[in-house]
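Me: I have a structure open and would like to learn how to read it. Could you take me through some features, one at a time?

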Amino acid sequence: MNLASLSPLAVLLPILGAALAFLLIRHQTAQRVVSIGILSSTLLLECLLLFSVWTGGTTSVTLGGWLPPWGVVLVVDQFSSLMLVVSSVVSLAVLIYATGQGMADGDHEAPVSIFHPTYLILVAGVSNAFLTGDLFNLYVGFEILLTASYVLMTLGGTGPRIRAGVTYVVVSVVSSVLFLIAIAMIYGATGTITMADLAVKLAELDQGTQNLLHVMLLVAFGIKAAVFPLSFWLPDSYPTAPAPVTAVFAGLLTKVGVYAMVRTETLLFPGDTLNVPLMVVALLTMVVGILGALAQSDIKRLLSFTLVSHIGYMVFGLAMSSVAGLGAAVFYVAHHITVQTSLFLVTGLIERRGGSSSIDRLGGLAKLSPLLALLFFVPAMNLAGIPPFSGFLGKLGLLQAGVELGTPLAIVLVVGGVVTSLLTLLAIARVWNRAFWRKPEDAEYPDPVLLTPGNVGVLPRTMVGSTAALVVFGVALTVFAGPLFQVSDGSAEIMLDRSAYIHSVLGDSVEVPPLPQNGGAK
Amino acid sequence: MSINLTLLIVMGVLYACGIYLILERSLTRVLLGLMLLANATNILILSTGGYAGLAPFFTKETNPDSYSDPLPQALILTSIVISFAVTAFMLGIIYRTWVLARQDEIQDDLEDVRVAKTPSFDAEDDAIVPLETSEFAITPSSTQDRNHPEATETPNSSTTQEGGSA
């Protein structure tokens, strides 16, 4: 028996855990033990999956005894298993953080008894989206994680959260409808929804139909990934949710969209037909996002805008469709999930210690709480791409791939990437100068909590501990950047080659269609 | 593949009405629009299965060519269940909006409005720097130059406290 045949457990364990946690709704301690235990064992399982895929190659698991072109398959390849491991590390850290917050506060603002089951369902949805090899099952995975995220977003039902939640739900539902329309059209055109089978059959369609389906899928995923013209909803809705919820949304949900875009671009519609528009969109996402961040005075909103902006780097790497570019993009996704989540967690701590997350109301945190300053400084520099951190390495990889490609547009994007990185540094430095460096009484509207002497907002140890663990994990990505780059380049090579994926699902006899190369599009 | 014209027209009308409705500011209309869009999409999926035929897997003698394609129907079932859950949730938050704000309209983000109204003048960066920047200046502290009512009250009390503890 192959280890990879355990992969359905990555989805099943969190769902069963959610059911159990829901039964234990009156026993908070038991609920915490169940959900943390379940997520830890899922993480362990996914590490095993990564190992087995790394040594044994792409594997597929057929569900329910229906053979591939008809039934649902799960496919574990290097990219999906890497995403699974990183997402589980992040979601476990956030869960521990949320548990600490719940124990410290009671459940006035955020009903913790509902939080745990919903959170586990969210994790199940994310795992499902990463694992599935079936387009409609991908839609179901998206819906599982979105429905859980609706509940988490409006947790407690306070005014601002409901307001933000309405926007978020409407936008998400519209993007899901678009995705469903795309699935219906793809099924109408090819008669299949298994992704490996589609990779073979879509190539037989005429170019116009292909482009239509391609663009529809990209628009649907672009809304979820918050790519520039479709990113308006994100800074509007994320900041109002509770700190751990915002953290896990920022880390994971947009990356699931990016993951789906990567699969669309590499498996379903390979080649370079839409590379030019994608590059333009990537440039706009980077620049417009970071300019938005500079205008913000609330740290959470500022970070939401940097989140949008850095999605642009991933789209850039994807749009190059070369091993170097895609590999760097995969590395960047892993790095960005970790760093963005830890920054949001630290912001939650800042809010507790300083009473606010607005940089007009904060000051002097470096002196009041040096540990907090350190926890903010490391991932912030990592995000801005200061050497030697992984953010620098990821960006360097992307820029190298861009220079290697050498088209005028790619060079423009390289310049745009550097400018965005510098502007990120500026935005982060603004937060640092105001919230940490200056004296508390210099703040424009100092928060009362900040000015109260003594340890009013003492930070719970669990929250600080889990944040610190995630920051250390982010640094570990830097230390082990060599092996990680090997994994990401390897997964990029496998994705661009496609034959391993298609053969593992449909058997070795299927012929992989050649890549369409219309070099004139460049 | 052959397509039923009636279904096609119904689908088009549903899409048109749905898109019109989700562009409204009233939440109930947005919800109705989303429901119409979901149903139009279900019809679209149904029509990918071609003309209605016999039930598949019912008897062994049926000619495979006269079957309906069962897959689109399975997809529709799933998508109906999902849109049912989402509709219920949306009704819940629309009711909650009504309870909290007594209105059925999408509300603007206050922080967005604030950022949009912020002047390009930034007190910290753009104000005229006083000649004397030493911490022990004799001139009145720069906090009083800014005309924020809260800022002038609280810092004084805190500086005395800090001085006392040091």
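Reply: Start with a pair of helices. Helices α1(A) and α2(A) are roughly antiparallel to each other. Keep in mind that this is a predicted model.

Me: How is the packing of two helices described?

Reply: Two packed helices are described by the angle between their axes and the distance between the axes. Here α1 (residues 9-23) and α2 (residues 28-56) of chain A pack at about 175°, and their axes are 9 Å apart. Angles over 145 degrees count as roughly antiparallel, and therefore α1(A) and α2(A) get that label.

Me: Which residues of α1(A) and α2(A) make the contact?

Reply: On the α1(A) side they include Leu9(A), Leu13(A), Gly17(A) and Leu20(A). On the α2(A) side, Val34(A), Ile38(A), Thr42(A) and Leu45(A) are among them. By class, the contact has nine nonpolar, five polar and one charged residues.

Me: Now zoom out. What is the secondary structure of chain A?

Reply: Chain A has 21 helices and two strands. Its C-alpha atoms fill a box of roughly 75 × 55 × 40 Å along the principal axes.

Me: What radius of gyration does chain A have, and what would a compact globule have?

Reply: Chain A has 22 Å. A compact globule of 522 residues would have a value near 24 Å, so the two agree. Buried residues make up 62% of chain A. Look at contacts along the sequence as well. Of those in chain A with a separation of 6 or more, 80% join residues 24 or more positions apart.

Me: And what is the secondary structure of chain B?

Reply: Chain B has six helices and zero strands. From the N terminus on, its elements run α-α-α-α-α-α. Of its 166 residues, 17% count as buried. Among its contacts between residues at least 6 apart in sequence, 52% join residues at least 24 apart.

Me: How many residues does each chain give to the contact between them?

Reply: Chain B gives 41 residues and chain A gives 34. On the chain B side, the elements that give two or more residues are α2 (27-47), α3 (70-101), α4 (110-117) and α6 (149-165). The largest share comes from α3(B), with 14 residues. By class, the chain B side has 24 nonpolar, 12 polar and five charged residues. The predictor gives the complex an ipTM of 0.85 and a pTM of 0.87.

Me: Where is confidence lowest in chain B, and where is it highest?

Reply: First, a rule of reading. Where pLDDT is low, the predicted coordinates should not be read in detail. The mean for chain B is 77, and 74% of its residues reach 70 or more. Confidence is highest in α1(B), residues 5-22, at a mean of 93. It is lowest in α6(B), at a mean of 44. Over residues 149-166 of chain B, pLDDT stays under 50, and the model has 18 contacts beyond four places in sequence for that stretch.

Me: Let me try one residue. Is Leu180(A) buried or exposed?

Reply: Count the neighbours. The cut-off for buried is 20 or more other C-beta atoms within 10 Å. Leu180(A) has 27, so it is buried. Leu180(A) lies in helix α6 (residues 159-190) of chain A. Leaving out residues up to four places away in sequence, Leu180(A) touches Tyr139(A), Thr41(B) and Ser79(B). Now look along the chain. Ala220(A) is 40 residues from Leu180(A) in sequence, and their C-alpha atoms are separated by 8.9 Å.

Me: What should I look for in the backbone?

Reply: Most residues other than glycine have a negative phi, and most peptide bonds are trans. Look for the exceptions. Ala226(A) has a positive phi, near 60°. Ala226(A) lies in the loop between α8 (207-225) and α9 (233-237) of chain A. Ser321(A) also has a positive phi, of about 40°, although it is not a glycine. Ser321(A) lies in the loop between α12 (299-319) and α13 (323-354) of chain A.

Me: Are Ala226(A) and Ser321(A) buried or exposed?

Reply: Apply the cut-off again. Ala226(A) is buried, with 27 other C-beta atoms within 10 Å. Ser321(A) is buried too, with 22.

Me: Which residues does a cis peptide bond join?

Reply: Pro387(A) and Pro388(A), with omega at about 5°. Pro388(A) is found in the loop between α15 (370-384) and α16 (390-405) of chain A.

Definitions and conventions. Residues are numbered from 1 along each chain as its sequence is written. Chains are lettered from A and ligands numbered from 1 in the order in which they are written. This is a predicted model: local features need pLDDT of at least 70, side-chain atom pairs count only at pLDDT 80 or more; totals for chains, interfaces and linings use all residues. Axes are lines fitted to C-alpha atoms, for helices over the stretch in contact, and angles run from 0 to 180 degrees between N-to-C directions. Helices (H or I, at least four residues) and strands (E, at least two) are DSSP runs, numbered from the N terminus. Angles under 35 degrees count as roughly parallel, over 145 as roughly antiparallel, 65 to 115 as roughly perpendicular and the rest as oblique. Two residues are in contact if their C-beta atoms, placed from the backbone, lie within 7 Å. Ala, Val, Leu, Ile, Met, Phe, Trp, Tyr, Cys and Pro count as nonpolar, Asp, Glu, Lys and Arg as charged, and the others, Gly among them, as polar. A residue is buried if 20 or more other C-beta atoms lie within 10 Å of its own, exposed if 12 or fewer, and partly exposed in between; C-beta atoms are placed from the backbone. The radius of gyration is taken over C-alpha atoms; the globule rule is 2.2 Å times the number of residues to the power 0.38. pLDDT is the predictor's confidence in each residue, from 0 to 100.
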